[in-house]
Amino acid sequence: MLCRFTDRQSGFSEGEFAEFNLAGHVGDSFKNVSANRNLLEDQLGALQFMQQVHGDQIVIIENLLTQEPVADALITATPGISLAVLVADCIPLLLTSNEVVAAVHVGRRGLENEIARMVIKVMREMEAIEIVAHIGPSICGQCYEVPKELHDQIVASHPAATCQTRKGTHSLDLVAALKVVLFSEEIDQITDLNICTFESSNHFSYRRSGVTGRQAGLVRL
């Protein structure tokens with residue numbers, strides 16, 4: 001079993017993408033992204049990435065795909081394939097069990113469309129018994145400032161998301177809201193790195209930098 005979160009250190013990318021950017025859609029050179037992914041593949045073996053669109057599409061991976069599927073969650077019961085979720089403030093959620101693993105992209109829209117809840121359902125249909133949740137680096141509630149209208153919209157369905165910035169403006173705590181979802185699905189084992197991407201210079205943050213790279217959460221049976 002592998003469960004790992006990367007940061008931005010020790011790669012080949014430069015400038016805004018320095019150094020270990022794993023995303024090919026953010027403006028970094030193909031050469032550098034390929035070198036970073038190859039470095040990771042040398043360490044972990046076969047990698048399966050996806051084209052994330054802030055949707056609710058779930059793809060079950062039985063064999064390594066040559067074309068990245070359009071999805072925001074990957075699930076596999078096949079040993080040896082590392083599933084990857086790319087983030088730069090959203091939550092990289094990894095779900096593990098002895099039978100099935102999943103990599104899930106949970107941003108604000110992912111929280112709204114209940115993608116984590118749907119993935120857990122599919123994992124249990126695939127005979128996952130004891131599921132453990134792993135939450136990687138993401139923007140914290142005090143740093144994720146949003147307009148009042150957006151705050152109220154999300155909090156209407158996810159009350160635990162309500163938060164304020166240090167200056168007292170409206171913000172969203174997506175991790176707190178996600179944990180409520182996980183507990184409601186009887187996921188009692190949750191690990192959280194408690195790293196805020198906005199505050200950490202070792203991680204990419206779209207909110208902080210605008211043009212930036214992406215780190216990954218990786219999971220494998």
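In this predicted model, Ser10 is exposed, because its relative accessible area of 56% is over the 50% cut-off. Ser10 belongs to the loop between S1 and H1. Its phi is near 65°, a positive value in a residue that is not glycine.

The loop between strand S1 (2-5) and helix H1 (30-44) also holds Glu19. The peptide bond that leads from Ala18 to Glu19 is cis, and its omega is near 0°.

A positive phi is also found at Glu114, where the angle is about 60° although the residue is not a glycine. Glu114 is placed in the loop between helix H2 (108-112) and helix H3 (115-125). Glu114 counts as partly exposed, because its relative accessibility of 26% falls between the limits of 20% and 50%.

The table gathers the accessibility of the residues discussed in this report.

| Residue | Relative accessible area | Class |
|---|---|---|
| Ser10 | 56% | exposed |
| Glu114 | 26% | partly exposed |
| His151 | 7% | buried |
| Met50 | 4% | buried |
| Thr212 | 2% | buried |

Met50 sits in the loop between strand S2 (47-48) and strand S3 (58-61). Its relative accessibility is 4%, and it therefore counts as buried, the limit being under 20%. Apart from residues up to four places away in sequence, Met50 touches Glu68, Pro69, Ala71, Asp72, Ala73, Leu74, Ala84, Val85 and Ala103. Between the C-alpha atoms of Met50 and Gln67 the distance is 8.5 Å, while 17 residues separate the two in sequence.

Thr212 likewise lies in a loop, the one between helix H6 (206-209) and strand S12 (215-220). With 2% relative accessibility, Thr212 is classed as buried. When neighbours within four places in sequence are set aside, its contacts are Glu16, Phe17, Val26, Ala88, Phe204, Ser205 and Tyr206.

His151, by contrast, is part of a helix, H4 (residues 148-157). This histidine is buried, with a relative accessible area of 7%. The side chain of His151 forms a polar contact of 2.9 Å with the side chain of Asp152. Beyond its neighbours within four places in sequence, His151 is in contact with Val146, Thr162, Cys163, His170, Ser171 and Leu172. The C-alpha atom of His151 is separated by 30 Å from that of Asn21, a residue 130 positions away along the chain.

The remaining values concern the whole chain. It contains six helices and 12 strands. Its radius of gyration is 17 Å, which agrees with the value near 17 Å that a compact globule of 221 residues would have. Along the principal axes, the C-alpha atoms fill a box of roughly 45 × 45 × 25 Å.

Of the 221 residues, 51% count as buried. Among contacts between residues at least 6 apart in sequence, 61% join residues at least 24 apart. The chain exposes about 10,000 Å², and carbon and sulfur atoms supply 49% of this area. The chain carries 17 positive and 27 negative charges, and the mean positions of the two groups are 5 Å apart.

How values were computed
Residues numbered from 1 in each chain as written. Predicted model: local features only at pLDDT ≥ 70, side-chain atom pairs only at ≥ 80, totals over all residues. Heavy atoms only, no water. Helix = DSSP H or I, 4+ residues; strand = E, 2+ residues; numbered from the N terminus. Buried < 20%, exposed > 50% of the residue type's maximum accessible area, 1.4 Å probe, protein only. Contact = heavy atoms within 4.5 Å. Polar contact = N/O pair within 3.5 Å; in protein donor to acceptor, adjacent residues only side chain to side chain. Rg over C-alpha atoms; globule rule 2.2 N^0.38 Å. Areas by Shrake-Rupley, 256 points an atom, 1.4 Å probe, with all protein chains shown as cover. Lys, Arg positive; Asp, Glu negative; His and termini not counted. Charge placed at Lys NZ, Arg CZ, Asp CG, Glu CD.
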